[in-house]
Amino acid sequence: MAETAEVVIIGGGIVGSSVAYHLTERGCREVLVVEREAHQGKGSTGKSMGGVRAQFSTPVNVQMSRYSIDFFSKFDEVVGYPADYRPHGYLFVATSERHLDYLKANRERQAAMGVTNVALVSREEIEEIVPQLRTDDVVGGTFCPTDGFVDPHSVMMGFMRRARERGARLWLDTRVTGIEVESGRVAAAETTRGRIATGVVVNCAGAWAAGVAAMAGAELPVEPLRRQLVPTEPFDRLPQRFPMVIDMTTGFHFRREGLGILLAWNDPEETPGFKTDFDPAFVEKILTRAASRVPVLADAQVNASRAWAGLYEMTPDHHAIIGQSPDVRGLYFANGFSGHGVMHSPATGRVVAETILDGRATLLDAAPLGVERFAEGRLLEETALL
Ligand SMILES: Cc1cc2nc3c(=O)[nH]c(=O)nc-3n(C[C@H](O)[C@H](O)[C@H](O)COP(=O)(O)OP(=O)(O)OC[C@H]3O[C@@H](n4cnc5c(N)ncnc54)[C@H](O)[C@@H]3O)c2cc1C
């Protein structure tokens with residue numbers, strides 16, 4: 001018998017899982033998620049740092065975060081699965097007046113969007129939060145106590161489990177190989193398990209999204225960019241609990257991960273491409289930045305074989321692309337999160353479900369996130385990129 005589905009979701013990462021959850025929550029039962037790997041989470045979701053923050057610079061990103069963080073805070077109750085949301089905060093540390101002015105301006109924008117708990121903090125207050133920081137050059141910062149961390153794998157599994165309880169299907173080990181378009185509309189998805197007749201396909205293919213869009217003849221400006229994370233061995237010279245700390249001088253940031261510390265830095269020399277191997281030379285680069293801001297980290301032990309790399313899914317303006325393709329009706333995008341797909345997954349699932357089922361989102365005005373913005377020159381610049 002020929003397979004049919006009301007909606008086919010390509011990709012079973014955190015975003016595909018959230019879209020499945022939100023569609024089934026709204027009563028859409030014929031949802032089929034197609035994932036090429038044998039397990040969920042083998043794309044970027046399983047590589048993520050799990051950071052969630054409302055401290056962004058554009059209204060749409062602040063709105064996405066505000067809804068999503070509130071959702072994470074109730075996730076266990078609502079979804080029936082742990083999100084492991086830890087509101088330990090994000091602390092941005094500025095070492096120049098220019099950076100401090102930028103944080104102050106962002107704080108006002110965040111407050112205008114209803115995020116009113118971002119505090120301006122002095123050097124002395126920063127020293128109280130993390131006494132081990134070198135602060136001789138610090139001029140201040142901002143701290144938001146409801147920012148923090150989640151467990152991306154657990155969130156993904158929770159979304160998918162609830163979606164399946166409500167009737168969604170998940171095909172693992174199945175690759176989407178083509179999207180059939182008839183008279184400008186989606187007609188079917190072709191997979192290694194056969195053809196699925198459908199009028200709606202949602203592209204949730206993460207860093208691989210441009211290739212999936214091309215299957216339908218659509219252009220999607222999403223590029224893979226490697227990101228590397230380095231965990232230290234057990235380290236007790238930093239507090240058990242402290243926020244994500246961002247050194248704005250270098251972009252180096254870190255947080256506690258179990259007994260050790262998880263170190264992150266955006267290497268400006270990285271070039272786009274599907275590179276998922278960890279480069280051992282990165283260890284020295286990041287440890288230099290780490291020891292400069294947190295002198296005790298000079299004594300941290302690192303085993304490079306425990307470090308890893310994954311892919312950010314970058315767009316030209318570092319904002320997600322969410323909405324229907326203007327060229328192919330029935331093809332929806334939930335792509336290009338530029339490194340924020342975990343934290344924005346709840347809002348994305350809701351916006352996509354509403355757009356498919358009602359023709360428009362009520363959560364927020366999603367029009368600025370449409371792919372049309374690139375052709376029309378309406379780019380959104382997010383400067384608070386980590
Ligand atoms: C090192 C690192 C740190 C990060 N830290 C953070 C953070 O702190 N906070 C945050 O919010 N975000 C972070 N991110 C970004 C975040 O991980 C991603 O934005 C998010 O996981 C994207 O989810 P996704 O479901 O869209 O993509 P993915 O998890 O990549 O899922 C896409 C899925 O699509 C499948 N797929 C692709 N093509 C096909 C096909 N043809 N057929 C079938 N299946 C297909 C893939 O196998 C994959 O499972 C980080 C990313 C990295 C790499």
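Strands β2 and β13 run parallel and are joined by four bridges. Ile10 stands opposite Asn203 of β13 in that pairing. Keep in mind that this is a predicted model, where local features need pLDDT of at least 70 and side-chain atom pairs count only at pLDDT 80 or more, while totals for chains, interfaces and linings use all residues. Residue numbers start from 1 along each chain as its sequence is written.

A word on terms: strands (E, at least two residues) and helices (H or I, at least four) are DSSP runs, numbered from the N terminus. Strands count as paired if DSSP finds at least two bridges between them.

**The six-strand sheet**

- β2 and β13 belong to an open sheet of six strands, ordered β9-β3-β2-β13-β20-β19, with mixed pairing.
- β9 (169-171) and β19 (321-324) are the edge strands; each has a single partner strand, so one side of each is left without a neighbour in the sheet.
- On average, neighbouring strands here are turned by 20 degrees against each other, direction ignored; the angles are between axes, lines fitted to C-alpha atoms (for helices over the stretch in contact), and run from 0 to 180 degrees between N-to-C directions.
- β2 also pairs with strand β3 (residues 31-34), in the parallel sense over four bridges, and Ile9 has Val33 as its bridge partner in β3.
- On from β13 comes strand β20 (residues 331-335), paired with β13 in the parallel sense over three bridges; Asn203 has Phe333 as its bridge partner there.
- β19 and β20 run antiparallel, joined by four bridges, and Gln324 is partnered by Tyr332 of β20.

**Which way the side chains go**

- From β2, Val7 and Ile9 point one way and Val8 and Ile10 the other, and all are buried. "Buried" means 20 or more other C-beta atoms within 10 Å of a residue's own, "exposed" means 12 or fewer, and "partly exposed" is in between, with C-beta atoms placed from the backbone.
- β13 (residues 200-203) does likewise: Val200 and Val202 point one way, Val201 and Asn203 the other, and all are buried.

**A closer look at Val8**

- Val8 sits in strand β2 (residues 7-10) and counts as buried because 28 other C-beta atoms lie within 10 Å.
- Leaving out residues up to four places away in sequence, Val8 touches Leu32, Val34, Ala189, Ile196, Thr198 and Val201; contact means C-beta atoms, placed from the backbone, within 7 Å.
- Glu180 is 172 residues from Val8 along the chain, yet their C-alpha atoms are separated by 12 Å.

- β10 and strand β11 (residues 185-191) pair in the antiparallel sense over six bridges, with Glu180 partnered by Ala188 of β11.

**Two serines with positive phi**

- Most residues other than glycine have a negative phi.
- Ser183, in the loop between β10 and β11, has a positive phi near 50 degrees. It counts as exposed because it has 6 C-beta neighbours inside 10 Å.
- Ser338, in the loop between β20 and α8, has a positive phi of about 55 degrees. It counts as buried because it has 24 C-beta neighbours inside 10 Å.

**Helices α2 and α8**

- Helix α2 (residues 59-79) and helix α8 (residues 345-358) pack at about 105 degrees, with axes 7 Å apart.
- That makes α2 roughly perpendicular to α8; the label covers 65 to 115 degrees, with under 35 roughly parallel, over 145 roughly antiparallel and the rest oblique.
- Met64, Tyr67, Ser68, Phe71 and Phe72 of α2 meet Ser345, Pro346 and Ala347 of α8.

**Domains**

- The protein splits into domain 1 (3-48 + 152-222 + 316-376) and domain 2 (86-147 + 224-314), with bounds from an automatic or database domain assignment.
- Their C-alpha centres lie 31 Å apart.
- Twelve residues of domain 1 are in contact with eight residues of domain 2.

Notes: Two residues are in contact if their C-beta atoms, placed from the backbone, lie within 7 Å.
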